[in-house]
Amino acid sequence: MKMFVVFVILLHVSQHASAVESYEGDSFTLSCQGDTSRLFDPSVVWSRSDLSPPTVHQRQHQGDELKDQNQRYSGRTSMKTDALQTGDLSLNLTNLQLSDSATYTCSIRDEMIGQIRVTDIQLQVKERFPSWAKALLVLLVLLVVSGGLLFHFRHYFMSGYKVEVESGVESVLLPCQAIVCLPKDAKVEWMDSYRKVHVYKNGSDQPEEQDQFYKGRTKMKRNLLEPGDLSLTLKPPTDTETYTCTVYNSRQNILMKKAVLLTVRVPQVEVDSGVESVQLPFNTTLHLPEDAKVEWMGTSGKAHVYKNGSDQPEEQDQFFRDRTKMNEDLLKTGDLSLTLKHPTDGDNKTYTCTVYSREGNLVLKRKVELKVRENIEVVSKAQAVGVTHRGEPGVEAKQPPKCPTATGGSGAGDTNTTVGLFHSLTKTHKVQFEEVGALFGIRFVPMWIRMVSASGRDRILPGNLSKMSQSVGPGKDRAYAAFIVKFLTMVEVEEGAESVQLPFKTTQNLPEDAEVKWWDSSCNNVHVYKNGSDHPHKQHQVYRDRTKMNEDLLKTGDLSLTLKQPTERDSGEYRCRVVSKNIWIRYKSVQLKVKGRVQVQDQTGDIRNRSSSIDPTPLMADQSV
């Protein structure tokens, strides 16, 4: 086996979010355009990264897929029925709420390319100018002195607060100040977007009206109906949320209403793939009870559980088994940090550490976002395309790219990536690409690009370098492109061999619910392993009774595929992916070259056999995702 290099053309997607505004109670359409007509099995996902679960709306060819939708958007989202056919992937939001203020991401998912971010939109939902305030403005004209006081009260009424804390703090104060005396029968009610947080009426707190989620976690000052403080202490703050303090009289008329936007910052930890371990930090000065329970959670399940004075590995999700560690005497020292061994891109997620009392009450909660970086090297245009039109190497391209050592960090075995950017793409670049390929033995396989027309239309197109280079130039469309160099495994075998192995070895103890699928360049299923066994009925007929995978492959991490009786027609690229809970956690691409037997007649008339290497994929062949 040997390694070779493949360039993949990718679009340069802008990371800047467009900002839009609307008002509470209105409907609004978040715009998103993308061409999905040539994708294999596309779906569109609208999401918010600050929520759990993050999904706002998902659309597939069969219709809406809302099983993973965040409950706060239930019944309030819709997309056009022909969105995937027309490319209009816009999302309609109804009955806007203040808590809807956030950055929304429109992404395209496909089995072949994974998930692509198309656009980010920052939505700001504002409070409407209330009708009672308009009446006060009219009264201001009639009663100058008293109207001025009422105007001042109106200004105070409409003001709001912003509070920001870091995830993991013990408590937070949500401010709410009154400037007038409130009646003795007034009721004070704190709400989040849909739950009662705290209720005060008839001179005392009303815990029976409180939502269970906030039981034992809130506190207000005494004598709060006197001019002064209606602030609420919340222990502990868990998520970014808009809280509303509303004061009612005995007739349920609103006397005062204030909104408090609480932002809980989630720290991010970044490491390179291939490191031995990473620590998710959490230190507290709070005195923790000896019988407290500490639980770290990832999106795929429980990462680590500590209770009754020791770790509880039997409660761990299989994905994290034998990969986590916490310090000794953690409840005494307050160091609740988690060490995660051998992190890969499958571990990219938000982790939540929750501390519970013996009664099951929430004591502390902290979120940490983990980002595992691939081994990526950014190169300049001159470095990437350092050749002349005669194919001679340029100054910065005298040596072929060195193949990095396999790390397994991306789950792709020996796949590593080099990225370079072009502000525009022309026919000249196409020629240069071909010359680099001829010089270094590199093949370019464009996947997708981003095209911006002269009129400003922004769209995603399947990667076809030849057609793309014809449509760009002065006064024409602009093509923003990036190329990625992937180091793939190359396997060669002669036709007539009994079998050939497509290698894929990754970390041990993969999740028991994982599905492993190998497929070829025509998207035909080569081999499918699911629920602990092979599924030959899902194979393409060409591969029936010709494939085999090892036993206990999820435990050993050996996902290699044995292909029996290989022929020239089997030459091409084979891909394997591992999916757990609808998330790609491992991926590998292997290029197979089967050398056929060709008869050659020499000058003496003898007929001899010789091997001829058949290249299954010509340089710069048109491909689409």
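Start by selecting Glu241: leaving aside its neighbours within four places in sequence, Glu241 is in contact with Arg72, Ser99, Asp192, Ser193, Val260, Leu261 and Leu262. Contact here means heavy atoms within 4.5 Å. This is a predicted model, in which local features need pLDDT of at least 70, side-chain atom pairs count only at pLDDT 80 or more, and totals for chains, interfaces and linings use all residues. Residues are numbered from 1 along each chain as its sequence is written, and side-chain values use heavy atoms, with hydrogens and water left out.

**Strand S18 and its sheet**

Glu241 is found in strand S18. Strands (E, at least two residues) are DSSP runs, numbered from the N terminus. At 6% relative accessibility, Glu241 counts as buried; buried means under 20% relative accessible area, exposed over 50%, and partly exposed in between, with a 1.4 Å probe and protein chains only.

Now select residues 241–248 and 254–265, which are strands S18 and S19. The two pair in the antiparallel sense over eight bridges; strands count as paired if DSSP finds at least two bridges between them.

**The disulfide and other cysteines**

Next, select Cys32 and Cys106. A disulfide joins them, S to S 2.3 Å; the term covers a pair of cysteine sulfur atoms within 2.5 Å. A search of the whole structure finds one disulfide. The pair links distant parts of the chain, 74 residues apart: Cys32 is in the loop between strand S3 (28–30) and strand S4 (43–47), and Cys106 is in strand S9 (residues 102–110). With -75° about the S-S bond, the link of Cys32 and Cys106 is left-handed.

Cys32 is buried at 2% relative accessibility, and Cys106 is buried at 0%. Two further cysteines can be picked for their accessibility: Cys245 is buried, with a relative accessible area of 0%, whereas Cys523 is partly exposed at 22%.

**Aromatic pairs**

The structure holds four aromatic pairs. Rings of Phe, Tyr and Trp (its six-membered ring) pair if their centres lie within 6.5 Å; planes under 30 degrees apart count as stacked, over 60 as edge-to-face and the rest as tilted.

Select Tyr73 and Tyr104. Their ring centres are 6.3 Å apart and their planes stand at 85°, so the pair is edge-to-face. Tyr73 lies in the loop between strand S6 (63–64) and strand S7 (77–78) and Tyr104 in strand S9, so the pair ties together parts that are 31 residues apart in sequence. Tyr73 is buried at 0% relative accessibility, and Tyr104 is buried with a relative accessible area of 0%.

Then move to Phe320 and Tyr351. With centres 6.2 Å apart and planes at 75°, the pair is edge-to-face. Phe320 lies in the loop between strand S24 (310–311) and strand S25 (324–326), and Tyr351 in strand S27 (residues 349–356), so this pair ties together parts that are 31 residues apart in sequence. Phe320 counts as buried at 0% relative accessibility, and Tyr351 at 1%.

**The nonpolar cores**

Which residues of the largest nonpolar core touch the most other members? Of its 52 residues, they are Val294, Trp296, Leu336, Leu370, Val516, Trp518 and Leu592. A nonpolar core is a set of buried Ala, Val, Leu, Ile, Met, Phe, Trp, Tyr and Cys residues joined through side-chain atoms within 4.5 Å. The largest share of the 52-residue core, five residues, comes from strand S28 (residues 362–373). Apart from this core lies another, of 31 residues, among them Ala83, Leu91, Ile108 and Ile116.

**Last stop: Gln268**

Select Gln268, in strand S20 (residues 268–272), which is partly exposed at 42% relative accessibility. Gln268 and Leu370 are 102 residues apart in sequence and 5.9 Å apart in space, C-alpha to C-alpha. Leaving aside neighbours within four places in sequence, Gln268 is in contact with Glu369 and Lys371.

How values were computed: Helices (H or I, at least four residues) and strands (E, at least two) are DSSP runs, numbered from the N terminus.
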